[in-house]
Amino acid sequence: MNKTEFVEFIAEKYEIPKTEAKKALDMVLTSITEALENGDEINLTGFGKFSVVHKDEGEARNPSTGGTITVPAHDVPKFSFSKAFKDSIR
């Protein structure tokens with residue numbers, strides 16, 4: 001399901017206009033992004049946790065040349081599903 005299909009799903013499920021569903025989804029996604037950019041962690045009980053993890057400098061292999069390259073230290077977004085959410089899917 002892509003974003004457009006997800007907006008349609010929300011609109012139908014909650015019987016709201018697609019424009020409102022899109023606006024609500026955009027607000028949530030933008031807010032999560034901004035919070036992570038500010039170094040915050042978001043813990044949504046029963047769903048999961050959004051956070052940023054720091055990765056140290058390391059070695060990697062370039063798949064096209066086979067050569068070794070150095071990957072600089074960087075931050076990576078991370079999401080961990082809650083146990084309750086995992087159990088609901090199983």
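1. Let's start at a turning point: just after α1, Glu15 takes a positive phi of about 50°. Helices here are DSSP runs of H or I with at least four residues, strands are runs of E with at least two, and both are numbered from the N terminus.

2. A word on the source before going on. This is a predicted model, in which local features need pLDDT of at least 70 and side-chain atom pairs count only at pLDDT 80 or more, while totals for chains, interfaces and linings use all residues. Residues are numbered from 1 along each chain as its sequence is written, and side-chain values use heavy atoms, with hydrogens and water left out.

3. Helix α1 covers residues 3-14, 12 residues in all, and its first and last C-alpha are 16 Å apart, close to the 16 Å expected at 1.5 Å a residue (the expected span is 1.5 Å times one less than the number of residues). At its start, a side-chain oxygen of Asn2 comes to within 3.1 Å of the backbone nitrogen of Thr4.

4. Which residues of α1 are buried? They are Val7, Ile10 and Ala11 (buried means under 20% relative accessible area, exposed over 50%, partly exposed in between, with a 1.4 Å probe and protein chains only). These residues lie on the same side of α1 because they cover an arc of only 95° around the axis, taken from the directions from the helix axis to the C-beta atoms. The buried residues pack against α2 (18-37), where contact means heavy atoms within 4.5 Å.

5. On the other side of α1, Glu12 and Lys13 are exposed. Lys13 also lies over the face of Tyr14, 5.7 Å from the ring centre (the cut-offs are NZ of Lys or CZ of Arg within 6 Å of the ring centre and within 35 degrees of the ring normal).

6. The whole structure holds six aromatic pairs (rings of Phe, Tyr and Trp, the last by its six-membered ring, with centres within 6.5 Å; planes under 30 degrees apart are stacked, over 60 edge-to-face, the rest tilted). One of them, Phe6 with Phe9, is stacked, at 6.3 Å centre to centre and 10° between the planes. Both lie in α1, three residues apart, about one turn of the helix.

7. Phe50 and Phe79 form a tilted pair, with 4.5 Å between centres and 50° between planes. This pair links distant parts of the chain, 29 residues apart: Phe50 is in strand β2 (residues 48-55) and Phe79 in strand β5 (residues 74-81). Phe50 is buried at 17% relative accessible area, whereas Phe79 is partly exposed at 27%.

Note on methods: A polar contact is a pair of N or O atoms within 3.5 Å; within protein, one must be able to donate a hydrogen and the other to accept it, and residues adjacent in sequence count only if both atoms are side-chain atoms.
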